[in-house]
Amino acid sequence: MRKSIFTALAAGAVVLAGCAKIETTEVPESRVIGFDNFVTNAVKSLDSEGDGGLTTFYVYGGPADNTTLFNGTTVSYANGAWSYSPLKYWEATKTYNFAAYSNENESVTGVTLEADNHLKITGYTTVGDKDLIYAYNHTIECSTPLSMPTVNLTFHHILSRVAFKFTKDAVSLTGTSIEVSAIQIKSLNNQGTFTGSDLAATEQYPYSTWTGQAGTETQAFDKTGSNISLTDGTAEGQTDYEYLIPQTANGAGLTVTFTLTPTGILADDHGKTATNFTITLPATSDNQWNPGYTYVYTAEINASNFGLAPIIFDVTEIKGWTDGTINDDDILDDDITGTI
């Protein structure tokens, strides 16, 4: 099977937002420090707040003289609002900085607040199906505590994600169904350290600096418990998304393994059974898997992948008509008698 069976379809757009600005969307009647959020470039389940989306994030920061006012404080969504306990309060004439993250509504270890008020997540390990997002809002000056707005946090996706799309060739595999199973990514860096930082307004990947990637990851696309079935009626299927540490290809690329099991003509007439494949995926256009990007690799399955070439008929030529020659003795003009 040719390695070029997989091609990178596209990379998703990246939001070019910088630091979130404070907007007065709600004016509390007290000095309570409140939070609101917005998720940019939304993917998977963390695409909105509330049920089925973002329900929990973790906040760090505070004023310059008390940066541990929030130290991994859990902020949760319920009844249409974000809340935490115990409540913290604004203090006049102080400047506040906040950073927050959520790992698919869960916390992670190795999180520290750095001197620049950004978070550092040391030794983060991907588990494939968890979307890690990060937010930062800084230099919020508290002049009048009673009229301070809610702290708005703009979250950015700081991992890459990959999916695989399989299609069945309508010509060579008509009458054959293909079951795609055991789809796995191999030889992938699955651990790294994230360090948030202030970036220029033109920076494509807000706050997303990854270093120290190490390890070898095998991540299976079996979270739904079902395989992809390609039939004459449904000739296309896509895997779930898998979340990866952003990284450089380093010339090796990603490797994917999967099994194709035919039924129908290829199995009944030609005895073809389950076949295992290992494919080295082509690198991206910039040789990177970038944070906040989606990469969909596509593969068309055809008979040649099973070592067969279909018997195909074609019409090479249709000969024109040729006029026949008739002898004079055969002409019946004068021999025709009778009454009509």
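This is a predicted model: local features need pLDDT of at least 70, side-chain atom pairs count only at pLDDT 80 or more; totals for chains, interfaces and linings use all residues.
## Briefing: strands, cores and ring pairs

Pro86 sits in the loop between strand S5 (81-83) and S6. The protein has 23 strands and one helix. Its 340 residues include 43% that count as buried.

**Overall picture**

- The accessible surface of the protein is about 17,600 Å². Carbon and sulfur atoms hold 48% of that surface.
- Take the contacts in the protein with a separation of 6 or more: 76% of them come from residues 24 or more positions apart.

**Aromatic pairs**

- There are 16 aromatic pairs in the structure.
- One of them joins Phe70 and Phe98. The ring centres are 5.7 Å apart, the planes stand at 75°, and the pair is edge-to-face.
- Phe70 belongs to strand S4 (residues 70-78) and Phe98 to strand S6 (residues 94-103). The pair therefore ties together parts that are 28 residues apart in sequence.
- Phe70 is buried, at a relative accessible area of 1%. Phe98 is buried too, at 0%.
- Trp90 also pairs with Phe98, with 6.3 Å between the ring centres. Their planes meet at 90°, so this pair is edge-to-face. Both Trp90 and Phe98 are buried.

**A charge over a ring**

- Arg161 lies over the face of Tyr241. The distance to the ring centre is 3.5 Å.

**Nonpolar cores**

- The largest nonpolar core has 27 residues. Those that touch the most other members are Val162, Phe164, Phe166, Val180, Ile183, Phe258 and Leu260.
- Six strands are named as giving two or more residues each to this core: S11 (160-168), S12 (176-188), S16 (228-230), S20 (255-264), S21 (275-280) and S23 (294-301).
- A second core is separate and has 23 residues. Leu54, Trp82, Tyr96 and Met148 are among them.

- Leu260 has contacts beyond its neighbours within four places in sequence. Ile178, Glu179 and Val180 are among these partners. So are Thr273, Ala274, Thr275 and Phe277, along with Ile301 and Phe306.
- Ile183 lies in strand S12. Its relative accessibility is 5%, under the 20% limit, so Ile183 counts as buried.
- Ile183 and Phe258 are 75 residues apart along the chain. Their C-alpha atoms are separated by 4.3 Å.

**Loop residues with positive phi**

- Asn79 is in the loop between S4 and S5. Its phi is positive, about 55°, although Asn79 is not a glycine. Asn79 is exposed, with a relative accessible area of 84%.
- Asn117 is in the loop between strand S7 (111-113) and strand S8 (119-125). Its phi is also positive, near 75°, and Asn117 is a residue other than glycine. Asn117 counts as buried, at 17% relative accessibility.

Technical notes:
Residues are numbered from 1 along each chain as its sequence is written. Side-chain values use heavy atoms; hydrogens and water are left out. Rings of Phe, Tyr and Trp (its six-membered ring) pair if their centres lie within 6.5 Å; planes under 30 degrees apart count as stacked, over 60 as edge-to-face and the rest as tilted. Helices (H or I, at least four residues) and strands (E, at least two) are DSSP runs, numbered from the N terminus. Buried means under 20% relative accessible area, exposed over 50%, partly exposed in between (1.4 Å probe, protein chains only). A charge sits over a ring if NZ of Lys or CZ of Arg is within 6 Å of the ring centre and within 35 degrees of the ring normal. A nonpolar core is a set of buried Ala, Val, Leu, Ile, Met, Phe, Trp, Tyr and Cys residues joined through side-chain atoms within 4.5 Å. Contact means heavy atoms within 4.5 Å. Accessible areas come from the Shrake-Rupley method with a 1.4 Å probe; for residues, only the protein chains shown count as cover.
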